[in-house]
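Here is a short report on one protein model.

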Amino acid sequence: MLLVDGHLDLSMNALEWNRDLTRPLDEVRRREVGKSDKIDRGKGVCTLPEMRRGQIGLCIATQIARYVAPDNPLPGWHAPEIAWAQTQGQLAWYRAMEDRGEMVLINNKAALSKHIAIWQHPHRPANAPIGYVLSLEGADSIIDLSYLEKSFAAGLRALGPAHYGPGRYSPGTGASSGLTPAGRELVKEMRRLGIILDVTHLTDDAFWEALELYDGPLWASHNNCRALVPHQRQFSDDQLRELIRRDAVIGAAFDAWMMVPGWVRGKTTPVETGCKIETIVDHIDHICQLAGSARHCAIGSDLDGGYGTEQTPLDLDSIADLQRLSDILTRRGYSPTDIAGIMHANWIRKLSESLP
Ligand SMILES: [Zn+2]
């Protein structure tokens, strides 16, 4: 079954991890043997061939680059201009993937429906390009609002103002307080341009503030439930109810620390917790119960978000394993229509309503 993944950091993996995602997964892993500069060296789970094997024909793919002030201990770039240049390098990689026929930019309704028809055709070519909707995770790299317009012209269709820690436009995970003055302007300018608001990573204050300022289409690309994993990174039931009321789609994230409570990054192992692919169904089910339907649930795996098999469900070795979710949902009593919604149709509906 076609699977749409609402959150992947493909170009970050290409540029910062130096991963050639056109190559087979075992080859990408082998080239990292002996490297220790990143926690997930040799443990990645996502390449373009694996996405094809898992029938992931469309994803929301990010550009991402954080600005850090001198007192910010998080990894990042020392000036917004450097962060901007990093995102432009990431964009150049996506463009090169398009030139190779590996990927195709989906930036309007017509491109979306054409692409979905290809992927749902019974005789689709085995090497059909993977569609990507261009998104920006954390807005630090937007030097000023004129750069948002440039980004939109380059195909940017969704933006999450925050990531981790303090941000130029919004504080994110692990930080507190609301949007910055520039962040308030950013959200208004997004509305004017028609850029979808991704509320993932916003602090609670920034979340409510952004929803008040912005009445356009929104989603949470990769978010689980605070009721099951008590941490600010997850959404409270009040936040989820508001997202449901605004007809948002919420992508379930497969980062194990967001799936099971009490995970200590770099210490806890998947085996210790028993975290499996099926564990995500508890989060999906929680949102379905709040909504009274499966209309708002989808997948935003984040499976290449700076971690690998040391922090994924223990029965997941490749992003292609996400395909097993359809059988798991069947076993858990979901109807074929609801399963199709979660696997792809909810993202497609939201995109077809929201893209220009
Ligand atoms: Zn993220």
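Which residues are buried in helix H6 (residues 145-153)? They are Tyr-147, Leu-148, Ser-151 and Phe-152. Buried means under 20% relative accessible area, exposed means over 50%, and partly exposed lies in between (1.4 Å probe, protein chains only). Because these residues cover an arc of only 145° around the axis, they sit on the same side of H6. The arc is taken from the directions from the helix axis to the C-beta atoms. An α-helix has 3.6 residues a turn, so residues three or four places apart point the same way.

The cover over the buried residues of H6 includes helix H4 (80-99), strand E5 (156-160) and helix H7 (181-193). Contact here means heavy atoms within 4.5 Å. After H6 comes Gly-155, with a positive phi near 115°. Helices (H or I, at least four residues) and strands (E, at least two) are DSSP runs, numbered from the N terminus.

The model is predicted: local features need pLDDT of at least 70, side-chain atom pairs count only at pLDDT 80 or more, and totals for chains, interfaces and linings use all residues. Residues are numbered from 1 along each chain as its sequence is written, and side-chain values use heavy atoms, with hydrogens and water left out.

**Zinc site**

Three protein donors hold positions 2.1 to 2.3 Å from the zinc ion: Glu-137 (OE), His-201 (NE2) and His-222 (NE2). Along the chain, their spacing reads E-x63-H-x20-H. Glu-137 is in strand E4 (residues 130-137), while His-222 is in the loop between strand E7 (218-220) and helix H9 (237-245). The two are 85 residues apart. Both Glu-137 and His-222 are buried. Donors are N, O and S atoms within 2.8 Å of the metal (3.2 Å for Na, K and Ca); water is not among the atoms, so sites may look incomplete.

**Salt bridges**

A salt bridge puts a side-chain nitrogen of Lys or Arg within 4 Å of a carboxyl oxygen of Asp or Glu. The count is 26 salt bridges. Three of them are tabulated here.

| Pair | Closest N to O distance |
|---|---|
| Arg-19 and Asp-40 | 3.4 Å |

Glu-102 and Arg-52 are buried. Arg-19 and Asp-40 are buried too.

Asp-215 is in the loop between helix H8 (204-213) and E7, and its partner Arg-191 is in helix H7, 24 residues apart. Asp-215 is exposed, at 60% relative accessible area. Arg-191 is partly exposed, at 37%. Elsewhere, salt bridges with shared partners join Arg-19, Glu-32, Asp-37, Asp-40 and Arg-41 into one network.

**Cysteines**

How many disulfides does a search of the whole structure find? The search finds 0. A disulfide is a pair of cysteine sulfur atoms within 2.5 Å. Cys-46 is buried, with a relative accessible area of 7%. For Cys-288, the closest cysteine sulfur is in Cys-297, at 3.8 Å, which is also too far for a bond. Cys-288 counts as buried at 8% relative accessibility.
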